Amino acid sequence: METLLDNRYRVIRTLGSGGFGETFLAEDSQMPSHRRCVVKQLRPIQNNPQIYQLVQERFQREAAILEDLGSHTDQIPTLYAYFQANTQFYVVQEWVEGDTLTAKVQQQGVFSESAVKEILVNLLPVLEYVHSKRIIHRDIKPDNIILRRRDGKPVLIDFGAVRESMGTVVNSQGNATSSIVIGTPGYMPSEQAAGRPVYSSDLYSLAMTAIYLLTGKQPQEIETDPHTGDIVWHRYALSVSPTLAGVIDRAIAYHPRERFATAREMLQALQLGVVPATVPYQQPQSSPTVPYQQPPVTTPANATLPHTVAISPGTAPTPQPVSHNNSNKGVLLGSLIAGGVIGASVVIGFALTRPNQQVTQTTPSENTVSSNTSPSAEPSLSPSATTTPDTPINQDVSQNPTRRTSTPPISVQPSATPVESPPATNTEPVTSVPQETTTPETPTATQPEETSQPEVNRPSPEAAVENYYATINRGEYSTAWNLLSPSFQNNRRLHPKGYLSYVDWWGGQVESVEVEQVTTQDANADTATVNAKLQYLMKNGKQAPSTVRFSLLWDGENNRWVVSNAN
Ligand SMILES: Nc1ncnc2c1ncn2[C@@H]1O[C@H](COP(=O)(O)OP(=O)(O)OP(=O)(O)O)[C@@H](O)[C@H]1O
């Protein structure tokens with residue numbers, strides 16, 4: 001049966017579907033040419049009349065931004081229209097005929113260095129323009145870049161902001177805010193997962209995309225160095241020049257301050273062939289890496305592709321002085337998961353509130369239960385140590401390194417939260433426009449990580465591990481998760497479903513963990529190895545002893561240790 005949307009757009013076929021709705025290829029019956037277009041349907045995560053108006057306003061604002069962007073460069077689809085129908089929202093966009101980068105790799109294998117360079121050189125000016133409008137794309141990945149058939153130019157689709165507007169809720173101060181953050185695990189850097197994307201988050205994602213093009217490997221398939229946390233990708237692209245490798249390495253640096261500050265800087269480095277100084281190019285080889293058991297992939301199947309997730313704005317480096325209630329995340333999550341798995345596409349949603357409720361601060365303990373299946377992670381393999389980035393580890397835990405017992409659990413319910421990042425400490429929306437001020441191109445103003453903190457009261461590695469378990473025992477899974485290094489989070493052997501696996505394990509299976517002994521095996525300014533003797537009390541009443549060796553990395557920005565590996 002023919003579907004006519006808005007009495008105008010005749011659906012030809014469904015292009016994709018996810019947690020927020022479906023995307024259709026359609027033709028515009030009211031244009032003489034019946035031109036083709038893409039109609040993207042978006043459903044608010046809460047279908048509640050009280051917030052409908054807010055969602056609507058935000059949607060309109062974001063649509064206006066899309067209109068502006070699309071009208072200034074032909075490498076972003078033109079926005080033709082937007083409309084609402086039956087409490088759902090739609091954007092109508094130019095249909096970009098071509099293949100996504102993912103499809104290209106699947107069809108043709110990996111790209112040559114010159115082809116990758118050309119894509120970067122063509123996209124970076126687009127990003128420069130987007131950033132000059134104070135917008136962060138937030139979901140750059142091979143799936144969201146289409147190589148246009150007519151001229152081979154890369155076109156950037158799927159800006160996160162409109163989808164994010166669907167997560168609008170009301171915070172404790174009565175302000176509209178978004179309860180979700182958009183991004184794709186593996187392609188998004190840690191600050192974005194924590195709800196604080198900065199302009200260079202897009203550069204990180206673009207560089208991860210370049211790695212995929214060069215290696216054919218998704219981020220989850222690439223090992224990380226357990227000492228440094230570096231993504232060890234060079235070995236899969238041995239012929240790549242030091243210049244391109246250096247540019248990519250700089251763009252994927254863990255801290256935004258170590259990356260290129262702007263797209264222009266990255267472009268210039270590429271064009272001038274100058275290997276950036278701050279992140280030296282490392283010859284491919286041989287340092288021990290986090291083992292990752294995954295079949296070698298040359299052309300990954302669709303089912304293995306990382307998907308966009310909607311996550312809660314995470315615990316951000318700077319705390320927001322807002323207190324919140326909790327909510328029915330799990331219910332929403334469950335429904336989103338149930339509704340989100342369609343074909344190869346999984347969109348995981350995470351909402352923080354009911355409309356009248358306030359956004360949660362950091363306690364996911366009231367989450368309703370998610371699905372069940374314990375992750376493949378063993379107790380000893382799912383650890384991570386830490387606190388929120390803004391909470392020095394030694395605030396909660398004494399520095400006394402050994403023989404400490406973690407705080408007993410606080411009626412933790414397993415949560416269904418899908419997310420990489422924690423239920424918001426911060427209720428600031430991560431809108432497409434990082435700031436309301438008018439000064440363009442002030443990335444530092446929006447980059448919380450740029451402000452370094454003095455290393456006062458540097459926590460010990462032991463305290464970090466203890467505090468990690470104390471955090472878990474308090475049910476603050478998202479906080480604990482957020483203290484794993486991104487590469488560890490992305491270790492699909494341990495966390496096949498990302499944060500969801502993590503929470504399934506800790507919230508669903510484990511009652512509490514007693515830390516019997518913690519010993520630092522070796523430590524320097526940047527890394528530490530800590531052995532922890534643990535006693536697990538499982539929800540089924542069983543007890544299980546375990547010994548875990550942690551690899552920690554010092555995160556000077558946030559005065560904390562992060563866990564880069566555990567086994
Ligand atoms: N403007 C466009 N022109 C051509 N194809 C598009 C356009 N926008 C989206 N598509 C394609 O439509 C399909 C579905 O897009 P959609 O944005 O719903 O992404 P998805 O992959 O289903 O979900 P997500 O990116 O949220 O995980 C994708 O293959 C995408 O490449």
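Modeller: Two strands are said to pair if DSSP finds at least two bridges between them. The model shown here is predicted. In this model, strand 16 (residues 543–555) and strand 17 run antiparallel and are joined by 6 bridges.

Colleague: Which residue of strand 17 is the bridge partner of phenylalanine 550?

Modeller: That partner is alanine 566. The two strands form a hairpin with 4 residues between them, and asparagine 559 in this hairpin has a positive phi near 50°.

Colleague: How many residues of strand 17 are buried?

Modeller: As a general idea, side chains in a regular strand alternate between the two faces of the sheet. Burial is judged by a relative accessible area under 20%. In strand 17 (residues 560–566), 7 of the 7 residues are buried, so the strand is largely enclosed by the rest of the structure. For the chain as a whole, buried residues make up 61% of the 567 residues.

Colleague: Is aspartate 99 buried or exposed?

Modeller: The cut-off for a buried residue is again 20%. Aspartate 99 has a relative accessible area of 18%, and therefore counts as buried. Its place is in strand 7 (residues 98–100). Leaving aside neighbours within four places in sequence, aspartate 99 is in contact with Lys104, Gln107, Ile145, Ile146, Leu147 and Arg149.

Colleague: Let us turn to the ligand. Which residues come nearest to the ligand?

Modeller: Of the 22 residues around the ligand, the nearest are Thr23, Lys40, Val96, Asp158 and Arg163. By class, this shell has 8 nonpolar, 8 polar and 6 charged residues.

Colleague: Which strands each supply at least two residues of the shell?

Modeller: They are strand 2 (9–18), strand 4 (36–42) and strand 6 (88–94). Strand 2 gives the most, with 3 residues.

Colleague: Where do polar atoms of the protein lie relative to nitrogen and oxygen atoms of the ligand?

Modeller: A polar contact is a pair of N or O atoms within 3.5 Å. A backbone N or O atom of valine 96 lies 2.9 Å from a ligand nitrogen. From the side chain of glutamine 93, an N or O atom is 3.4 Å from a nitrogen atom of the ligand. Aspartate 158 places a polar side-chain atom 2.9 Å from a ligand oxygen. On its own the ligand has 610 Å² of accessible area, and the protein covers 86% of that area.

Notes: Residues are numbered from 1 along each chain as its sequence is written. This is a predicted model: local features need pLDDT of at least 70, side-chain atom pairs count only at pLDDT 80 or more; totals for chains, interfaces and linings use all residues. Side-chain values use heavy atoms; hydrogens and water are left out. Buried means under 20% relative accessible area, exposed over 50%, partly exposed in between (1.4 Å probe, protein chains only). A residue is near a molecule or strand if one of its heavy atoms lies within 4 Å of it. A polar contact is a pair of N or O atoms within 3.5 Å; within protein, one must be able to donate a hydrogen and the other to accept it, and residues adjacent in sequence count only if both atoms are side-chain atoms. Accessible areas come from the Shrake-Rupley method with a 1.4 Å probe; for residues, only the protein chains shown count as cover. Ala, Val, Leu, Ile, Met, Phe, Trp, Tyr, Cys and Pro count as nonpolar, Asp, Glu, Lys and Arg as charged, and the others, Gly among them, as polar. Contact means heavy atoms within 4.5 Å.
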